Amino acid sequence: MSHTQPVNKAMINFMSKRKIAMVFSLILISISIGSLVTKGLNLGIDFTGGYLIEAGYQNDVDLDKVRTALANADFKDAQVQNFGSSKDIIVRIAPRADINKATIADNVLSVLTSTSDQVVEMRRVEFVGPQVGDELRDDGGIALLVALGCILIYISLRFQMKSAVGAILALVHDVIITIGFFSLIQMEFDLSVLASILAVIGYSLNDTVVVLDRIRETFRSVRKTSAEDILNMSINQTLSRTIVTSLTTLLVLFALFFFGGEIIHGFAMALIVGVIIGTYSSIYIASSTLMMMNIHKQDFLVVAKEEVVDDAP
Amino acid sequence: MLNQYPLWKYILLVVVLFFASLYALPNLYGEDPAVQVSHRTKFLTADDQLIIEQSVKNLKSAELEQGRVLVRFNDTEAQLIAADALKESLGKQYLIALNLAPATPDWLRALNAAPMYLGLDLRGGVHFLMEVDMVAAIKRMEESLLSDIRTTLRDEKIRYRGVRRDDNGLHISFRELSHLQEAAEKLPRIFSELVFRETEETLTIDAKLTEVAIRNEKKSALQQNIITLRNRVNELGVAEPVIQQQGDSRIVVQLPGIQDTAGAKKILGATATLEFRLAEGTRADWESADKTGRTPLNSILYHERDGSPVLLNRRVIVTGDQIVDAASTFDSQKGTPAVSIRLNGKGADKMGDITRDNIGNPMGVVFIENKIETKKVGDTITKHRSTTKEVINVATIQGQFSSRFQITGLESQEARDLALLLRAGSLRAPVEIIEERTVGPSLGKDNIQKGFMSVIIGFCLVLVFMMVYYKGFGIIANVALTANLIIIIAVLSLLQATLTLPGIAGIVLTVGMAVDANVLIFERIREELKNGNSPQASIHSGYEKAFSTITDANVTTLIAAIVLFSLGTGPIKGFAITLSIGILTSMFTAIVGTRAIVNLLYGNRDIKKLSI
């Protein structure tokens, strides 16, 4: 039952292309960081504070007309967009001090009603005060770091240091690129997207752990083979699992993206990007890091032997 | 003998699945439109139930539960008609709230089975996060202590020059050292919540609240506000409201199904109260005080709504706290809106005494409203407090007041709101709404529908994929996946955890990820078969080898989910909950569940080929 068969089956030589993969990843990360620095994130009102009003019309809406009407009603800074369909709109207003909070949504709604002959329906109102926005932003950042920290601890307890470094690098890689993607296409980054990113962390790690697990097993069971071959073998053995799981997860995510409604779009999008990047990174990033750190069989031997040496008189 | 399960494992699985199906079942029944009737002060009885049943038409059923009567209807039309009829016939001591009650059959309810609790984003409603202005609460406490100190010094016949309050605490000044010493000896014995420090050179005593007093005051301000908010929410007629403390100074209020959010906000956040004071001087005095800005020592300058000045005595006769009941009505003579008021014993005595002594003199009613607002300029956040005090009515006292009387001078909506606020009690400290999330009922319905749709579609896609890719074993995995979905729903229903749209997304994601465990196992079995092992041995080692990998992979996701939960505002928490539950249940169904089926089908048999 052990893996004694030679490395001669139809196998993809992933490790030979790891330099190309490294360059590819570096390019993606550079683009992501570049975009985050220059364009930043399009933060939603969860983090910036402000008002968001979603309204449903019975016919298609003329956005310019709505904008003009709002500007005339002293809402010059209002951003108006379609949401999901050409009949629904979303109005965003930065937090402002000069209006009574209790009535702002009603004021906006009555302005919207004045732009149409028919009933305009209030679908959603969100208001986040500046203090709450700041807190959510800080808490979100902390949650991300705490999650990374906890996982680092778990991985380093379960595996040895080199594997842990590989897993964390893969994780950071996935998170940066997913956030970078949101910065690049300027999709709104709100609380649900942040939740999604945390789920990506869980997923990406899940994937990487499976590969690392196999690498450890193969190192222990296969003799006299180069590290490169062992990594290749392990990746190939887990390849169909990696792809099948990513596929089923992507299937449900696309179902969520296309049928879950506009509100869930950002959430589904972050997970779709995260799962694709996570699949790639679990094949390449973790194992390439192991190669770079010169992984060898001794790294996976049981520690008990060293203790015996220590105890010897 | 490979691949055999002991009988108890099968029994365990069947029992788990049976109970899961049972507790997931209530979710299949819909909801009845209902009217919930309760009484302001007492629990309702079976007699009340009978009266209620007789005064509505077309009811489906009525039940008495925790002192409230819930009347169910077949359609919303009957519900609305009944609600109006009940308001009419029962009078204002009864609270009538519209509700959607789960149509769970009796035998399931007897087992404590209930459908999942839907979050506001799925059922529609308002979520408010309110911050209690603790600075104002402390200030209020210091001010009341200040007046107590004044009274104590007077009672103890200790002469003092003045007492005042500023941001550093309370300050008492004296003319003579002996008075200071006497006060320094007496005051600390009476006011344990203050720390006194005397400075003999300047003849002053400074007093500060102790840490404990501050903490207690904050705690009781929060508690008092929660009680008041609960009263106000009851007055609004909202069924199943949530009013909870969050952190040290915040209160969450959730009102499912409410439509008039602006009205609700006005009522919840309002700090309006009344004060009754005697007027001082003549109209000429009032006008000259308004022009010169100089007021006599014993009076304060106020303005009426039309801007005309009034001088009122510094001493308050009665405040809003002493009002026990209030109702909006119409003045019988003038026909204008009015609020009829009933005072408590202490308030009534004081009001009686003062009005008796001042017949023929004018008295003013002051309407007080506090507002706070947080503004952000650049990166600095500041709070702005403002208090509006206006005199709504100055009238000549015609005779001695009893505990009941009425005031006029308001518009009809104002009279209704003020009566409600006085009834529900005043807020101990002003509150500010710092977060609001309102979801309209149509969006709520859309969200449920779309969420449900994406679960079904995602689920079916995975089923088809697994069947095509793993054939016979795929079908086994699909059975496990279905069981998993049922167990997730059962656990969510049992915990009465709130299901939100992100929560549904969590279920969808779990469906996608739950098969991972089976994929890992099946891939291992295929590998073992390829290595030339027998089907039985392959099944055995496939499950065994995949186990630690599955555990590792799931624990990491679980860590992320737990962190997410602790970050938790409402909807996001829902996601973390469903994800965590999904991970745990999927491990059970994917490992134990599929193994049981596999063992049942293949175990202890001579198998040549596996359908994998």
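Two strands count as paired if DSSP finds at least two bridges between them. Helices (H or I, at least four residues) and strands (E, at least two) are DSSP runs, numbered from the N terminus. This is a predicted model, in which local features need pLDDT of at least 70, side-chain atom pairs count only at pLDDT 80 or more, and totals for chains, interfaces and linings use all residues. Residues are numbered from 1 along each chain as its sequence is written, and chains are lettered from A and ligands numbered from 1 in the order in which they are written.

In chain B, three strands make an open antiparallel sheet, ordered β16-β17-β20. Its edge strands, each pairing on one side only, are β16 (323-330) and β20 (404-408) of chain B. Seven bridges link β16(B) in the antiparallel sense to β17(B), residues 337-343. Ala327(B) has Ser340(B) in β17(B) as its bridge partner.

Another open antiparallel sheet of chain B holds four strands in the order β2-β3-β1-β4. β2(B) runs antiparallel to β3(B), residues 68-73, and six bridges join them. Opposite Leu64(B) stands Val69(B) of β3(B).

Contact means C-beta atoms, placed from the backbone, within 7 Å; axes are lines fitted to C-alpha atoms, for helices over the stretch in contact, with angles from 0 to 180 degrees between N-to-C directions.

| Helix (chain B) | Lies across (chain B) | Angle |
|---|---|---|
| α12 (residues 412-424) | β16 and β17 | about 160° to β16(B) |
| α2 (residues 46-55) | β1 (31-39), β2 and β3 | about 160° to β2(B) |
| α3 (residues 76-90) | β1, β2, β3 and β4 | about 10° to β1(B) |

Technical notes: Two residues are in contact if their C-beta atoms, placed from the backbone, lie within 7 Å.
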